[in-house]
Amino acid sequence: MLELYASFPQTMILVSLFALVLGLLVGSFLNVCIYRIPLGKTIVKGRSYCPSCGALIRWYQNIPVVSFLVLGGRCASCKTRISPIYPVVELITGLLFLAAFLKIGPTVDFLILAILTAVLIVISGIDLAHRIIPDGLVLFLLGLGVIQLLYQVLVLDTRWYVYVIGFFAASVPLLLLGLLYPDGMGGGDIKLMAAAGLILGYKLILLALFLGAIYASLYSLFLIVSRKGGLKSEIPFGPYLSAGIFTAALWGDDVLCWYLSIFS
């Protein structure tokens with residue numbers, strides 16, 4: 001698909017720009033989800049407002065990244081500082097959408113990965129702030145996994161057991177680890193890997209688990225070296241698992257091919 005667009009550079013640039021802008025806009029909505037879901041508030045009704053003064057945010061004050069820069073990082077009404085997390089989430093979403101599009105093009109796989117990425121960003125934001133992974137988000141991913149399973153089996157003629165085994169491949173080891181060390185593994189992490197395994201299949205979800213562990217270890221090492229934490233410092237595992245899931249979903253096949261080529 002991308003080869004076709006490569007023959008028309010201007011079209012490729014426009015479509016890539018669309019993927020980036022789409023990600024920025026979705027990222028703005030994800031900020032709403034990250035803020036409202038832990039509070040039990042609806043994410044489908046009500047305009048955005050300043051958490052400090054309650055003033056409604058006008059559409060031109062809610063342009064992803066741009067409005068934050070124009071307003072100098074402050075609320076237009078009460079001048080309270082706006083957390084830089086908001087533009088960061090928007091920018092990350094835009095860049096990840098762009099990366100996904102450049103890798104796999106405007107396909108059904110891109111749509112599934114874009115939805116998966118959006119949910120993973122919300123999960124990461126909530127887990128970082130509240131140390132929880134809401135069951136509703138996991139159930140949403142589980143539904144996406146069922147759609148992915150049907151698409152792979154009925155349309156692409158992929159073996160169904162690849163995804164069914166994926167449901168258990170990473171979640172069962174984490175469940176056993178959680179039983180052995182109750183304080184070291186949260187139930188949300190286990191359920192996240194089960195739902196993601198149904199989307200990725202057993203090979204990629206095991207790679208995702210491996211990569212997530214590496215990402216978490218590197219951050220823990222950074223905390224130790226910078227003296228901001230120690231060996232017993234607790235960190236939320238969800239964001240690192242999410243990063244591992246995205247990495248495996250986008251580049252996992254390439255990583256596995258490279259790894260197997262070493263032994264061939």
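**Close-up views of a predicted model**

**View 1. Buried residues of helix 7.** In helix 7, which spans residues 161-169, the buried positions are Tyr 163, Gly 166 and Ala 169. These residues lie on the same side of helix 7, because the arc they cover around the axis is only 110°. In an α-helix with 3.6 residues a turn, residues three or four places apart point the same way. The cover over the buried residues of helix 7 includes helix 6, helix 8 (171-180), helix 9 and helix 10. The model shown here and in the other views is predicted.

**View 2. The two faces of helix 8.** Ser 171, Leu 174 and Gly 178 are the buried residues of helix 8. Viewed down the axis of helix 8, they fall within an arc of 65° and so line one face of the helix. The exposed residues Leu 179 and Leu 180 are carried on the face turned away from this buried side. Among the elements that cover the buried residues of helix 8 are helix 7, helix 9 and helix 10.

**View 3. The largest nonpolar core.** This core comprises 52 residues. Those with the most contacts inside it are Leu 116, Leu 141, Leu 192, Met 193, Leu 200, Ile 205 and Ile 245. At least two residues of the core come from each of helix 2 (9-36), helix 4 (85-104), helix 5 (108-130), helix 6 (135-155), helix 9 (187-200), helix 10 (202-225) and helix 11. Helix 5 makes the greatest contribution, giving 12 residues. In soluble globular proteins, nonpolar side chains tend to be buried together.

**View 4. Surroundings of Leu 200.** Which residues does Leu 200 touch, leaving aside those up to four places away in sequence? The contacts of Leu 200 are Leu 116, Tyr 163, Ile 205, Ala 208, Ile 245, Ala 248 and Ala 249. Of these, Tyr 163 is one of the buried residues of helix 7. Leu 116, Ile 205 and Ile 245 are, like Leu 200, listed among the residues with the most contacts inside the largest nonpolar core.

**View 5. The salt bridge between Lys 103 and Asp 254.** Two salt bridges are counted in the model. In the one formed by Lys 103 and Asp 254, the closest N and O atoms are 2.4 Å apart. Lys 103 belongs to helix 4 and Asp 254 to helix 11, so the pair ties together parts separated by 151 residues in sequence. Lys 103 counts as partly exposed, at 34% relative accessibility, and Asp 254 is likewise partly exposed, at 39%.

**View 6. The salt bridge between Lys 191 and Asp 135.** The side chains of these two residues meet at 2.6 Å, N to O. Since Lys 191 is in helix 9 and Asp 135 in helix 6, the bridge ties together parts that are 56 residues apart in sequence. Lys 191 is partly exposed, with 37% relative accessibility. Asp 135 is also partly exposed, with a relative accessible area of 44%.

View 7. Leu 260 is located in helix 11, which runs over residues 238-262. Is Leu 260 buried or exposed? Leu 260 is exposed, because its relative accessible area of 57% lies over the 50% cut-off. Together with Trp 251, Val 255, Trp 258, Tyr 259, Ile 262 and Phe 263, Leu 260 makes a nonpolar surface patch of about 790 Å². Leu 260 and Tyr 163 are separated by 97 residues in sequence and by 21 Å in space, C-alpha to C-alpha.

Notes
Residues are numbered from 1 along each chain as its sequence is written. This is a predicted model: local features need pLDDT of at least 70, side-chain atom pairs count only at pLDDT 80 or more; totals for chains, interfaces and linings use all residues. Side-chain values use heavy atoms; hydrogens and water are left out. Helices (H or I, at least four residues) and strands (E, at least two) are DSSP runs, numbered from the N terminus. Buried means under 20% relative accessible area, exposed over 50%, partly exposed in between (1.4 Å probe, protein chains only). A nonpolar core is a set of buried Ala, Val, Leu, Ile, Met, Phe, Trp, Tyr and Cys residues joined through side-chain atoms within 4.5 Å. Contact means heavy atoms within 4.5 Å. The arc is that of the directions from the helix axis to the C-beta atoms. Patches are made of residues with over 30% relative accessible area and no salt bridge: like charges are joined within 9 Å, nonpolar side chains (Val, Leu, Ile, Met, Phe, Trp, Tyr) within 5 Å. Accessible areas come from the Shrake-Rupley method with a 1.4 Å probe; for residues, only the protein chains shown count as cover. A salt bridge is a side-chain nitrogen of Lys or Arg within 4 Å of a carboxyl oxygen of Asp or Glu.
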